[in-house]
Amino acid sequence: MLMILCRKIKYVVIVFVSLLSFFAKADDSINHLKDRHSITFSYLDGEFPFSYTLTGKPKGIAIDLCESLAEHIGKEIGTPLAVKWIKVVPAARFQSLMNHQSDIECSDITNTIERRQYLLFSIPFFYASTAFISHKSSHLDNTNVLSGHTVFVTSGDIAVQAVTKLNAKLGFSLFTHLTQSAFSGFEDMKSTDNSVFVADDVLLYSLKATSPTPDDYVISNDNLIDAQPFALALPHESFALQKEVNNAMMEIFSTGEFDRIYSKWFLARIPPDNTLINMSMPSHLKQDIAKWSAEYASLHAK
């Protein structure tokens, strides 16, 4: 009986120590920011209008959101944070997070079940479906006519999985090529007859709008993946930072700051080519903003 009791006590001690270790580790993400007096963001280039490089500096709606977050989080933790940026490539886009070279990635990142196994995510800041673009003259506007054609898709994007499933459905008749960015994928499609480029619909509309001949291209009626949330990505154990990010995002939503950021990138002309995407806010996002704004108001009314 005594031995059984000792084993139980030992088990409780082990669990208690493990919990202490867990919470101590969870707090490291904020302590690191305070120690450095800075926050490091990574971003994916060529993902207009979410994240791209202009005159050597990161630009885009995700970039503006993260810069605003840095200010909000700095005020909340009592330490002004200098902002540092790291440009990453699609094939290894999350390595900087997993290696703790960056604190948050600010791009068009889809929050998926698979990615949640090794990353944390913020609440969503956008929703997009996965579709494809092609030459209008090719008449490739739905999945039923894609057999035997070339498909370009960005390496590391969730669209790769969708294309793989579609290829199996079509008897492995697709000629699939991985590209380094959305921009290069669109360019490859433009220079290849009877081909399509698969990506998030908002990126396709952006690429079409920035083309010198936008009327030459058509975006599919079929979606390979229905509306999915875009979110900011964090290292898997950065729970304290995730909480601060979500709190800051709720504040940004509730004050109308995000509405101004959204309008800047989707309802006004964007440099460098004065592009007008003219895309209204997705209904899923409007619902989320209303929900998070109400929750933020409720928390601060107490």
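In the predicted model, Asn278 lies in the loop between strand S14 and helix H9 (283-301). The phi angle of Asn278 is near 55°, a positive value in a residue other than glycine. With a relative accessibility of 55%, Asn278 counts as exposed, because the cut-off for that class is over 50%. A positive phi is also found at Phe172, where the angle is about 55° although the residue is not a glycine. Phe172 is placed in the loop between helix H4 (159-169) and strand S9. The relative accessibility of Phe172 is 63%, so this residue counts as exposed.

Helix H4 also contains Asn167. At 13% relative accessibility, Asn167 counts as buried, since the limit for buried residues is under 20%. Leaving aside residues up to four places away in sequence, Asn167 touches Phe172, Ser173, Leu174 and Thr176. Phe172, described above as exposed, is thus one of the residues in contact with the buried Asn167. Asn167 and Gly256 are 89 residues apart along the chain, and 43 Å separates their C-alpha atoms.

The protein as a whole contains nine helices and 14 strands. Its C-alpha trace spans about 80 × 50 × 35 Å along the principal axes. Of the 302 residues in the protein, 50% are buried. Among contacts with a separation of 6 or more, 75% are between residues 24 or more positions apart.

Strand S5 (residues 104-110) is an enclosed element of the structure. Seven of its seven residues are buried, so S5 is largely enclosed by the rest of the structure. Two strands that pair with S5 are described here. Strand S1 (residues 38-44) pairs with S5 in the parallel sense, over two bridges. Strand S12 (residues 225-235) runs antiparallel to S5, and three bridges join the two. Glu105 takes part in both pairings: in S5 it is the bridge partner of Ser42, and its own bridge partner in S12 is Ala233.

Strand S1 also includes Ser38. The relative accessible area of Ser38 is 3%, so this residue is buried. When residues up to four places away in sequence are not counted, Ser38 touches Leu33, Leu81, Ala82 and Lys84.

Helix H5 (residues 182-190) has buried residues at Ala182, Gly185, Phe186 and Met189. These residues cover an arc of only 100° around the axis, and therefore lie on the same side of H5. An α-helix has 3.6 residues a turn, so residues three or four places apart point the same way. The cover over the buried residues of H5 includes both strands and helical structure. The strands in this cover include S7 (126-135), S8 (150-154), S9 (175-179), S10 (195-200) and S11 (217-219). Helix H6 (201-210) is also part of the cover.

One of the buried residues of H5, Ala182, also lines the largest cavity. The structure holds one cavity of 30 Å³ or more. The space in the largest cavity is about 50 Å³. Besides Ala182, the lining includes Leu44, Glu47, Pro90 and Arg93. The stretch Thr154, Ser155, Gly156 and Asp157 also belongs to the lining, as do Ala199 and Leu203. Sorted by class, the lining residues are five nonpolar, three polar and three charged. Some of the elements named above contribute to this lining. Leu44 falls within the range of strand S1 (residues 38-44). Thr154 falls within strand S8 (150-154), Ala199 within strand S10 (195-200) and Leu203 within helix H6 (201-210).

One joins Phe48 and Pro49, with an omega of about 5°. Pro49 is found in the loop between S1 and strand S2 (52-54). Another cis bond runs from Pro271 to Pro272, and its omega is near 10°. Pro272 is placed in the loop between strand S13 (269-270) and strand S14 (275-276).

Technical notes
Residues are numbered from 1 along each chain as its sequence is written. This is a predicted model: local features need pLDDT of at least 70, side-chain atom pairs count only at pLDDT 80 or more; totals for chains, interfaces and linings use all residues. Side-chain values use heavy atoms; hydrogens and water are left out. On a 1 Å grid over the protein atoms alone, a cavity is a set of points where a 1.4 Å probe fits but cannot get out, and a pocket is an open set with protein on both sides within 12 Å along at least five of seven lines; lining residues have an atom within 4 Å of a point. Grid points are joined across faces, edges and corners, and a volume is the space filled by probe spheres set on the points. Ala, Val, Leu, Ile, Met, Phe, Trp, Tyr, Cys and Pro count as nonpolar, Asp, Glu, Lys and Arg as charged, and the others, Gly among them, as polar. Buried means under 20% relative accessible area, exposed over 50%, partly exposed in between (1.4 Å probe, protein chains only). Helices (H or I, at least four residues) and strands (E, at least two) are DSSP runs, numbered from the N terminus. The arc is that of the directions from the helix axis to the C-beta atoms. Contact means heavy atoms within 4.5 Å. Two strands pair if DSSP finds at least two bridges between them.
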